[in-house]
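Please look over the model below.

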Amino acid sequence: MKKCISLLLVLSILFGAMSCLGVSSAAINSNAKLFDPIALDGTVYPGTIDQTTKTCGYRTDIPEEGYLSITMTYYAPLHLTFEDVWAEEVIDSYYASKQWEQATAENPVSVQYGYSVEPGAQLIRVTSYYAQPGGNFEVSAVFTPYGSNEIEDNNIDESSKAKACPVQIGEKRIGTFAPGDVFDYYEFTLSKDTRIAADFIYYLPLTTLRIMKKNTGGSQGKVYLNKTLTSASFEQPRTQSIGVDLPKGSYYLQVAADNGARGMYTFTLQAKKIIPVPTGFKVITRQTNRQTVSWNALKGVDGYQVQCSDGNITWKYTKTGTKTAASFTGLTPGGKYKFRLRSYVIENGKKQFSDWTKTLSSCAKPAPVTFKALTSPKKGQVKAAWNKATGVVSGYQIQIAKDKNFKQIVINKKVNEKTFSYLTKNLASGKKYYVRLRTYTYFNSYYYGVWSAAKAIKVK
């Protein structure tokens, strides 16, 4: 067993004066030599805190920038402080964690801590928790270096002629960021039209991934991919999968990070067969609560995925399968909806998708409207009143004609959705007229409901 060194009475007094995050910087620096170093390969080291040994721990000697993962197993309510020797500061101090406060010899508690560290010595200091008598613990540490690019000078400015890291298809890349470095550039060339796919695993706050055409002279051209990334850290790494169809030519891959970010990411560009985008995508049926879309069949694909949105950003409904048509039911009459479609192939048990088609915009057929009353209140007048229609309605259309087939229309009027009656004058007295109604919704163009049954009325 590696021994834990007691810090004598002076340090006991210092510890008693510590705040939750405060430790004397001089004590950190001067006592680093009292802590035994531990291997950074996951080897487990035991330790004991008793009435004599109030404070003990181990030292981690970090060879280069990277990540340090510390695993502590508590057999008693002990307190961990992680301290940087050369910076003379406390990095973390865990007083408030209710988890390890419950630790006992019979029910130990394991906690993992993660840090992005620089070269130098760090102390893992363990003390008894307030007035507790102490107890045992075990600690292990694993260090992972950031790694480095073959060409480090690849953080060119966007407007400059590019000096970027060359990367080959199928080659694994390890990229790093240090404070002040906000862009990494890579360049690759495709001899034919290719679908490029990759999984980016990142351990720091990246912001975007972009793939851009490399023009003659090194300037940046058309952007083919622009992904916004969710923030990550060593403790919570994330994966961003990309897939983009590119015509033959040369390209830049840009990785962007927060200013001041430090850490590593990895990726491998893979060349895939281009997956064709479906054609002939259209809405073929519009009903009050259902819309059906269809498209042309494609050779060489395993299926299709079609999505429906309620007109907002969120794609709420998804259907996946081999058919070349899909119906979405339970829709709101007159509701505004959008549709998009893509094809896929299955490789190694995973679906690889094509790009999306252009978005279709359409409305479910507005609900029908019914008459409330049809009268001729005065000479030459006809007044129509109707009930409010259900669903989404932009307005109502009323037509009055001399014949029941509505070949001789004399009134053709649209009113807004808050209007439920219409009065017309100057009709021929004593003549019979026919009246009908329908709803409409406007969404880039007019979408109409069915006409009501025509009603006849003799004008006063």
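Which residues lie nearest the centre of the largest pocket? They are Ala197, Asp199, Ser241, Ile242 and Gln352.

## Basis

This is a predicted model: local features need pLDDT of at least 70 and side-chain atom pairs count only at pLDDT 80 or more, while totals for chains, interfaces and linings use all residues. Residues are numbered from 1 along each chain as its sequence is written, and side-chain values use heavy atoms, with hydrogens and water left out.

## The largest pocket

Rolling a probe the size of a water molecule over the atoms shows where empty space is left. A pocket here is an open set of points on a 1 Å grid over the protein atoms alone, where a 1.4 Å probe fits, with protein on both sides within 12 Å along at least five of seven lines. Lining residues have an atom within 4 Å of a point.

The largest pocket holds about 620 Å³ of space. The volume is the space filled by probe spheres set on the points, which are joined across faces, edges and corners. Its lining counts 21 residues. Two or more of them come from each of E13, E16, strand E19 (270–272), strand E25 (336–347) and strand E26 (350–353). Strands are DSSP runs of at least two residues, numbered from the N terminus. By class, the lining has 9 charged, 7 polar and 5 nonpolar residues. Asp, Glu, Lys and Arg count as charged; Ala, Val, Leu, Ile, Met, Phe, Trp, Tyr, Cys and Pro as nonpolar; the others, Gly among them, as polar.

## Salt bridges

Side chains of opposite charge can pair when their charged atoms come close. The whole structure has 7 salt bridges (a side-chain nitrogen of Lys or Arg within 4 Å of a carboxyl oxygen of Asp or Glu). One of them joins Arg195 and Asp245, with the closest N and O atoms 2.8 Å apart. This pair links distant parts of the chain: Arg195 is in strand E13 (residues 194–202), Asp245 in strand E16 (residues 238–246), and 50 residues separate them. Arg195 is buried at 7% relative accessibility, and Asp245 is buried at 14%. Buried means under 20% relative accessible area, exposed over 50%, and partly exposed in between (1.4 Å probe, protein chains only).

Arg173 and Glu171 also meet in a salt bridge, at 3.7 Å from N to O. Arg173 is buried at 4%; Glu171 is partly exposed at 22%. Lys316 pairs with Asp310, again in a salt bridge, with closest N and O atoms 3.7 Å apart. Lys316 is partly exposed at 45%. Asp310 is partly exposed at 28%.

Two strands pair if DSSP finds at least two bridges between them. Strand E4 (residues 66–74) and strand E9 (residues 135–145) pair over 9 bridges. Gly66 has Pro145 as its bridge partner in E9.

Another open sheet has 3 strands, E28-E29-E32, also antiparallel. Strand E28 (371–375) and strand E32 (421–424) each have a single partner strand, so one side of each is left without a neighbour in the sheet. E28 and strand E29 (residues 382–386) pair over 4 bridges. Leu374 has its bridge partner, Ala384, in E29.
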